[in-house]
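Please examine the following protein, first as a whole and then residue by residue.

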Amino acid sequence: MSSETSSRSLRQQLLGAFETRRSRLSVTLGPSVVWLVLLLLAPIMFMVTVSFLQVNDAYQIIWGSPTLSNYGALFAGDGPFWETAFFQSLILSYKLAAVTTVLCLVGAFPLAYLLATRGGRTFKVVIFLVLLPFFTMYLVRAYSWYLMFGPHGVINSTLLKLGVVSSPVALFGYGQLAIVVGLVHAYFPYMLLSLYASLDGIDFSLVEAARDLGGSRIDALKDVVVPLTLPGIISGGLFVFVPSLGAFITPKFLGQGKVQMIGQLIELRITSQYAIDYGSAASMFIVISIVVAFLLAFRYVSVEDLGGI
């Protein structure tokens, strides 16, 4: 009898702990906040701290003596700062990430428009084909493009067998084109789904009304569809640009040492010299770029609109 009474009182105490709104929020959001702090905020704070410190010859972090020398080392060299390896890698990463984003947008917008207006079996088939590569590892997808490009890759070998060319085409070798193709293939679904989420909520009778008022298809697209799809365009651009900027596996496979993006430069310095101070300082430019990209996005759309809803 006493055990039943004690278990009943314990149950009442547990239920009473959830009576207030604060207690319910702490239980439901607490694990997520802890997870976010441990796996996101803590590593970023450690990286920021190390970027202002130095590592000695014994590969130990020298605490207590903050310095800006790591940031100066990024642009140090015999020539001007724009000729340093870091600056060139950073600009190249910006360029390839921007090209990847534009190509994903140009390719995904017509397809997302088709899915939003057609639906049915067409929607199911296209979504299945787009998401099919995601059933494999990212590493496997990058390696598949590694087999396609190169002087002895599938593309050049096919052209040689067909007699189209007499020697391997340098354009289809490893380099910037191969990296962009690999990045577009990897992040195209993110752009497509973001655009579809915005286009699916559009009342297409507005497009018909624009046409009835004498507007051309281009006018209706420019004045009606694109402004209403702007949240999806911006969110899709963020989902593509941000991971492309810090990409590592795809440039590693498809660049083959001919192209060095910022992620490869950081990896090379850390693995060869254990220069985590240099790597942290270089990584800060990626973090700042991401923050600036989100601030620009929030200037034009709200957080709720970025979801494409």
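Is glycine 182 buried or exposed? In this predicted model, glycine 182 has a relative accessible area of 6% and is therefore buried, the limit being under 20%. Glycine 182 belongs to helix H8, which covers residues 176-199. Apart from residues up to four places away in sequence, glycine 182 touches Trp145, Thr250 and Leu254. Tyrosine 143 lies 39 residues from glycine 182 in sequence, with a C-alpha to C-alpha distance of 9.4 Å.

The wider setting can now be described. The protein contains 14 helices and 2 strands. Of its 309 residues, 35% are buried. Among contacts with a separation of 6 or more, 66% join residues 24 or more positions apart. The protein exposes about 18,600 Å², of which carbon and sulfur atoms supply 68%.

An unreviewed UniProt entry lists residues 33-53, 96-116, 122-141, 162-188, 233-254 and 275-298 under "transmembrane region". Residues 33-53 are 90% helix and 0% strand, and their end C-alpha atoms lie 28 Å apart. Residues 96-116 are 100% helix and 0% strand, with 29 Å between the end C-alpha atoms.

The side chain of asparagine 70 reaches the backbone oxygen of leucine 53 at 2.5 Å. Leaving aside neighbours within four places in sequence, asparagine 70 is in contact with Val50, Ser51, Phe52, Leu53 and Gln54, and also with Asp277, Tyr278 and Ala281.

The model holds 15 aromatic pairs. In one of them, tyrosine 71 and phenylalanine 285 have ring centres 6.5 Å apart and planes at 50°, so the pair is tilted. This pair links distant parts of the chain, since tyrosine 71 is in helix H3 and phenylalanine 285 is in helix H13 (residues 276-300), 214 residues apart. Tyrosine 71 is buried because its relative accessible area is 17%, whereas the limit is under 20%. Phenylalanine 285, at 23% relative accessibility, counts as partly exposed.

A second pair joins tyrosine 143 and phenylalanine 253; it is edge-to-face, with 6.1 Å from centre to centre and 85° between the planes. Here too the pair links distant parts of the chain: tyrosine 143 lies in helix H6 (residues 138-148) and phenylalanine 253 in helix H11 (residues 249-255), 110 residues apart. Tyrosine 143 counts as partly exposed at 40% relative accessibility, and phenylalanine 253 is partly exposed with a relative accessible area of 21%.

Tyrosine 71 and phenylalanine 285 also belong to one aromatic cluster, together with Phe52, Phe75, Phe81, Trp82, Phe86 and Phe87. Phe52, a member of that cluster, is also one of the contacts of asparagine 70.

Conventions:
Residues numbered from 1 in each chain as written. Predicted model: local features only at pLDDT ≥ 70, side-chain atom pairs only at ≥ 80, totals over all residues. Heavy atoms only, no water. Helix = DSSP H or I, 4+ residues; strand = E, 2+ residues; numbered from the N terminus. Buried < 20%, exposed > 50% of the residue type's maximum accessible area, 1.4 Å probe, protein only. Contact = heavy atoms within 4.5 Å. Areas by Shrake-Rupley, 256 points an atom, 1.4 Å probe, with all protein chains shown as cover. Polar contact = N/O pair within 3.5 Å; in protein donor to acceptor, adjacent residues only side chain to side chain. UniProt positions renumbered as here; feature names shortened; annotations may be inferred. Phe/Tyr/Trp six-rings, centres within 6.5 Å; stacked < 30°, edge-to-face > 60°.
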